[in-house]
Amino acid sequence: MKNKKPNWTKTELQVYIMLLCANADKKETEEELEMIQNKIPKKTFLKMHEKFHKHSKKKRLNKIESSIDNHNYTEMELAAFRREMYKIFFSDCSFSMMEERLDMTLDNILY
């Protein structure tokens, strides 16, 4: 059975990617989760958080890759989104090798 292509809104997709960024080093901190929650409705966060934790790492990347094409992001939107991703990555004042690898992977998916 093939995976169904997610029909996520831009906001839902961005939350999912932010959760992936927060989880890159295998630990989501309260600060990282609050940074994400403060930008979107709680209902949206809870929905995507639940979906995120049901998926494997490989499935997460596949879901992002298959749903990114549903949205026509402008260069400005992508630049703003990247800044938000870096805020999550650097919230603990470090940029681990796992975060760096995820950043390169997401760079290839988003662009």
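In which helix does Arg101 lie? Arg101 lies in helix α6, in a chain with six helices and zero strands, where helices and strands are DSSP runs (H or I of at least four residues for helices, E of at least two for strands) numbered from the N terminus. This is a predicted model, in which local features need pLDDT of at least 70 and side-chain atom pairs count only at pLDDT 80 or more, while totals for chains, interfaces and linings use all residues. Residues are numbered from 1 along each chain as its sequence is written, and side-chain values use heavy atoms, with hydrogens and water left out.

**Overall fold**

- From the N terminus on, the elements of the protein chain follow the order α-α-α-α-α-α.
- The radius of gyration of the protein chain, taken over C-alpha atoms, is 13 Å, close to the 13 Å given for 111 residues by the globule rule, so the chain is as compact as a globular protein of that length; the rule itself is 2.2 Å times the number of residues to the power 0.38.
- The C-alpha trace of the protein chain spans about 40 × 30 × 25 Å along its principal axes.
- Of the 111 residues of the protein chain, 41% count as buried, a class that means under 20% relative accessible area, with exposed meaning over 50% and partly exposed lying in between (1.4 Å probe, protein chains only).

**Salt bridges**

- The count comes to seven salt bridges, each defined as a side-chain nitrogen of Lys or Arg within 4 Å of a carboxyl oxygen of Asp or Glu.
- Lys10 forms a salt bridge with Glu77, and their closest N and O atoms are 2.9 Å apart; because Lys10 lies in helix α1 (residues 10-22) and Glu77 in helix α5 (residues 75-89), the pair ties together parts that are 67 residues apart in sequence.
- Both partners of that pair are partly exposed, Lys10 with a relative accessible area of 26% and Glu77 with one of 30%.
- Glu12 forms a salt bridge with Lys47, with the closest N and O atoms 2.6 Å apart, and this pair links distant parts of the chain, since Glu12 is in helix α1 and Lys47 in helix α3 (residues 42-54), 35 residues apart.
- In that pair Glu12 counts as buried at 10% relative accessibility, whereas Lys47 counts as partly exposed at 37%.
- The side chains of Arg82 and Asp107 meet in a salt bridge at 3.9 Å, N to O, and the pair links distant parts of the chain, with Arg82 in helix α5 and Asp107 in helix α6 (residues 97-110), 25 residues apart.
- Arg82 is buried, with a relative accessible area of 9%, while Asp107 is partly exposed, with a relative accessible area of 32%.
- A network of salt bridges links Lys39, Glu84 and Lys87.

**Surface charge**

- Glu30, Glu31, Glu34 and Asp92 gather in a patch of negative charge on the surface; for such patches, residues must have over 30% relative accessible area and no salt bridge, and like charges are joined within 9 Å.
- Asp and Glu count as negative and Lys and Arg as positive, while His and the chain ends are not counted, and the place of a charge is taken as NZ of Lys, CZ of Arg, CG of Asp or CD of Glu.

**Backbone in the loops**

- Most residues other than glycine have a negative phi.
- Lys26 has a positive phi of about 70° although it is not a glycine; Lys26 lies in the loop between α1 and α2 and is exposed, with a relative accessible area of 56%.
- Cys93, likewise not a glycine, has a positive phi of about 65°; Cys93 lies in the loop between α5 and α6 and counts as exposed at 74% relative accessibility.

**Sequence separation and distance in space**

- Arg101 counts as exposed at 51% relative accessibility, and the C-alpha atoms of Arg101 and Ala24, which are 77 residues apart along the chain, are separated by 8.8 Å.
- Leu13 has its place in helix α1 and counts as buried at 0% relative accessibility.
- Leu13 and Ser91 are 78 residues apart in sequence and 21 Å apart in space, C-alpha to C-alpha.

Key: Patch = residues over 30% accessible without salt bridge, like charges linked within 9 Å, V, L, I, M, F, W, Y side chains within 5 Å. Areas by Shrake-Rupley, 256 points an atom, 1.4 Å probe, with all protein chains shown as cover.
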